[in-house]
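Please read these notes with the model open beside you.

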Amino acid sequence: MISKIIIGHLYAIFIIVVWGLTFVSSKILLRDFTPVEILFDRFLLATLALFVVSPKSLKFISWKVELYSALVGFFGITLYFVFENNALIYTNAANASLIVSTSPFFVGLLNYFLDKDKPNLNFFIGFVVAIIGIFFLSFGSMSMNINPIGDLMAIGSAVVWGFYNLFVVKLQRMHISSFTITAKSFFYSVVLTLPLMFEDYSIKADRLIEPINLINYGFLALLASSLSFFLWSKSIEYIGSMKTNVYIYGIPVVTAIGAVFILDEKFNIYSAIGMTLAIGGLVISQLKKKQIAA
């Protein structure tokens, strides 16, 4: 029987492959929809899908569970994707991918000060190695430029992701299932997005039914949201928050590979160095302190 530790790592690998392609998918939808429209439509569809699978997942448990679930939805979904989708308007995917990949650092930082799951030295060494690799990837496969507004929004995404993981762990310690955490957080994210819709939302049925938009909404809502967020919670449950989050270093690697095969971009020396360092940083971050010291 496969151990939960192995399953947790396999879940994380699957998720970063899916999430590595979401930047392209979101960029396509931004041609016809605003960031708030994408956020609301995506997670409304994701919530409905989870509710159909298990209607009881949204039932009231306790005020504390509801509060933590609302905070998971607020930080990890509403605020995170408001920042990320707006970042893609003001800056390019290379910048956004590079900056959002610093998320594990903020997860480790928040855990260090606010939780008992402290990161070790390897975590921070791996972070430095991986970020250098991700910089090479972004420089080699996609054009980069400095855009203060977009880049600050991408940093905002990385920071709030740390709070998302913190409250997921708090709910898991209360023995709330990963499916319930996912369903409740999605529900609250939709509710919390409603105030943003008054100024920046309109129903675009004619554009929504276009095949390219339907495919990308389906990918983002069902595969990258409902399934991936559920599996992400399971991965955190099985191998811990920090070990799960360092897999985020692999997202730009997936994006770069996808760019070669889907967008016909060239594979060069920068790409090779970047992939090697990014994966190397991921591996170092997973090591226990005594393993790297030996």
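The points below cover the overall fold, the core, the surface and a few residues.

1. Basis. This is a predicted model, in which local features need pLDDT of at least 70 and side-chain atom pairs count only at pLDDT 80 or more, while totals for chains, interfaces and linings use all residues. Residues are numbered from 1 along each chain as its sequence is written, and side-chain values use heavy atoms, with hydrogens and water left out.

2. Overall fold. The protein has 15 helices and zero strands; these are DSSP runs numbered from the N terminus, with helices being H or I of at least four residues and strands E of at least two. Of the contacts (heavy atoms within 4.5 Å) with a separation of 6 or more, 90% join residues 24 or more positions apart.

3. Burial and surface. Of the 294 residues, 54% count as buried. Buried means under 20% relative accessible area, exposed over 50%, and partly exposed in between (1.4 Å probe, protein chains only). The protein exposes about 13,700 Å², and 73% of that comes from carbon and sulfur atoms; the areas come from the Shrake-Rupley method with a 1.4 Å probe, and for residues only the protein chains shown count as cover.

4. Core. The largest nonpolar core holds 67 residues, and those with the most contacts inside it are Trp19, Phe43, Trp161, Tyr164, Phe229 and Trp232. Helix H4 (residues 63–90) gives the largest share of this core, nine residues. Such a core is a set of buried Ala, Val, Leu, Ile, Met, Phe, Trp, Tyr and Cys residues joined through side-chain atoms within 4.5 Å. Leaving aside residues up to four places away in sequence, Tyr164 touches Val72, Phe75, Gly76, Phe229, Trp232 and Ser233.

5. Ser185. Where does Ser185 sit? Its place is in helix H9 (residues 178–200). Ser185 counts as buried because its relative accessibility is 3%. Its side chain reaches the backbone oxygen of Thr182 at 3.0 Å. Not counting residues up to four places away in sequence, Ser185 touches Ser69, Val72, Gly73 and Ile77.

6. His175. This residue lies in the loop between helix H8 (148–173) and H9. Phi of His175 is near 65°, a positive value in a residue other than glycine. With a relative accessible area of 74%, His175 is exposed.

7. Val17. Helix H1 (residues 4–19) contains Val17. At 40% relative accessible area, Val17 is partly exposed.

Technical notes:
A polar contact is a pair of N or O atoms within 3.5 Å; within protein, one must be able to donate a hydrogen and the other to accept it, and residues adjacent in sequence count only if both atoms are side-chain atoms.
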